Amino acid sequence: MAQEVRGVIAPGKNEPVRVETVVVPDPGPGEAVVKIQACGVCHTDLHYKQGGINDDFPFLLGHEAAGIVESVGDGVTDVAPGDFVILNWRAVCGQCRACLRGRPWYCFNTHNAKQRMTLTDGTELSPALGIGAFAEKTLVAAGQCTKVDPAVSPAVAGLLGCGVMAGIGAAINTGNVGRGDSVAVIGCGGVGDAAIAGSRLAGAAKIIAVDIDDRKLTTAREIGATHTVNSRETDPVEAIRELTGGFGADVVIEAVGRPETYQQAFYARDLAGTVVLVGVPTPDMKLDLPLIDVFGRGGALKSSWYGDCLPSRDFPMLIDLHLQGRLDLGAFVSETIALDEVEAAFERMHHGDVLRSVVVL
Ligand SMILES: NC(=O)c1ccc[n+]([C@@H]2O[C@H](COP(=O)([O-])OP(=O)(O)OC[C@H]3O[C@@H](n4cnc5c(N)ncnc54)[C@H](O)[C@@H]3O)[C@@H](O)[C@H]2O)c1
Ligand SMILES: [Zn+2]
Ligand SMILES: [Zn+2]
């Protein structure tokens, strides 16, 4: 039997979001219905509302979520009703050319639930990132559910579903930060701060946080930055070189998504160093770099999709480290809010007042 729940809908471009009744079908083959306990508010939800992702309104927003599996469809064996899970937006297929080569974190054929959730009048909803978790319950592909230790608070666990995993993974998976490395992180929002936390976890000796907002630099220091640079006042490339013996950082992580900050990252790394682009640019942005510098400086220029994470490998590991007190994921939760407060949370996010507002159900 399909069931009716409350969910946050973005009805049309730039229209305020509102809570409406959502019809959630019973799970079909390979699907699961999850009772949502917490869901973080991410910039991507705001992009959906603004029409910046696509025009498939109405959207059911929310995608950084954790909850309890309520029911599963035929053929689902990896999760069962009662399991505490974090939702991911890259359920790997196991069959594409990346999966078959043993690199499932690059899976080129990730999937979502086949059935659609609807409004009560039958209008089909587009769930944000194939999740749609600003809702009491949501329907996903079972592969989007990753079991973790239920001892963790759901508000904290859900954050691994998107931005925090993207940042930690940019450092530990894509950037391959190791013991003793110097790291610079440009842009210290939720993603950049998570890259700082990941670098600390990996044993980086020096972690330089760069932002244009002093409030962000204060938080970055609390999360693990050893040095901070306000790039509105100081040339960040010069400052990072000065802090690294005149050479530049071993790994520079760009967590803004703009050509000028990418260029800073490019020149702020040591010879043979690594640049990781985790910030998402818009389609109109272009980069102009002397090719001789690309060649002459050597090293690796990489981008990081979702922190190159493999949910089944990374989510339980990071939750365990958090529960052991070795990774403070709680620092990313600025406030907890109710379902009908998402619009106000977008406003606070826009003004840079919060790292993450988390809807708790
Ligand atoms: N690659 C992925 O899989 C993935 C996943 C989630 C988010 N992202 C992207 O990561 C980026 C950051 O996300 P967020 O949630 O942390 O956003 P955010 O808005 O919270 O943080 C951005 C930070 O960059 C700072 N900033 C802005 N312009 C700057 C500049 N010129 N120089 C230095 N700092 C500057 C801001 O002050 C802010 O602290 C976004 O582009 C987002 O789309 C990528
Ligand atoms: Zn695949
Ligand atoms: Zn997100």
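Mentor: Let's settle on M285, which is in contact with R258 and P259 once its neighbours within four places in sequence are left aside. Please keep in mind that this is a predicted model. M285 sits in the loop that runs between strand 15 and helix 9, the latter spanning residues 291–296. Is M285 buried or exposed? It has 12 C-beta neighbours inside 10 Å, and a residue with 12 or fewer is classed as exposed, so M285 counts as exposed.

One of the contacts of M285, P259, leads us to helix 8, which covers residues 259–267. Which residues of helix 8 are buried? They are T261, Y262, Q264, A265 and F266. Their cover includes strand 11 (182–186), helix 7 (236–243), strand 14 (249–254) and strand 15 (269–277). Strand 15 is also the strand at one end of the loop that holds M285.

Now let's step back to the whole protein. Its secondary structure comes to 11 helices and 18 strands. The radius of gyration is 20 Å, close to the 21 Å that the globule rule gives for 361 residues, so the protein is as compact as a globular protein of that length. Buried residues make up 51% of those 361 residues. Finally, of the contacts between residues at least 6 apart in sequence, 71% join residues at least 24 apart.

Methods
Residues numbered from 1 in each chain as written. Chains lettered and ligands numbered in written order. Predicted model: local features only at pLDDT ≥ 70, side-chain atom pairs only at ≥ 80, totals over all residues. Helix = DSSP H or I, 4+ residues; strand = E, 2+ residues; numbered from the N terminus. Rg over C-alpha atoms; globule rule 2.2 N^0.38 Å. Buried ≥ 20, exposed ≤ 12 C-beta atoms within 10 Å, placed from the backbone. Contact = placed C-beta atoms within 7 Å.
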